[in-house]
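I wrote them down in the order I looked things up.

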Amino acid sequence: MKEERKCQYENCRMEAERDSIYCKFHVRMVESYEKMSPELKEVYDRIKKERYG
């Protein structure tokens, strides 16, 4: 029987990819976030906090 794994990104309910803990959409988001410079991460986090709390 196949075990369905859920994406570990915040409140996502989608099924995780086979070789990752994230779904196909959040894999790209996390990878791009990791590649950002510290200054850009700071701006991104500030905007995310302003929009979503």
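I looked up Tyr-33 and found it partly exposed, with a relative accessible area of 26%. The cut-offs I used are under 20% for buried, over 50% for exposed and partly exposed in between, with a 1.4 Å probe and protein chains only. The model is predicted, so I note that local features need pLDDT of at least 70, side-chain atom pairs count only at pLDDT 80 or more, and totals for chains, interfaces and linings use all residues. Residues are numbered from 1 along each chain as its sequence is written, and side-chain values use heavy atoms, with hydrogens and water left out.

I searched the whole structure for aromatic pairs and got 2. Rings of Phe, Tyr and Trp (its six-membered ring) pair if their centres lie within 6.5 Å; planes under 30 degrees apart are stacked, over 60 edge-to-face, and the rest tilted.

Tyr-9 and Tyr-22 make an edge-to-face pair, 6.4 Å centre to centre with 70° between the planes. Both sit in the segment before helix H1 (24-35), 13 residues apart. I list Tyr-9 as buried because its relative accessibility is 17%.

Tyr-33 is in helix H1 and Tyr-44 in helix H2 (residues 38-52), 11 residues apart. Helices are DSSP runs (H or I, at least four residues), numbered from the N terminus. Tyr-44 is partly exposed at 30% relative accessibility.

Last, I checked Glu-10: its phi is positive, about 40°, although it is not a glycine.

Key
Helices (H or I, at least four residues) and strands (E, at least two) are DSSP runs, numbered from the N terminus.
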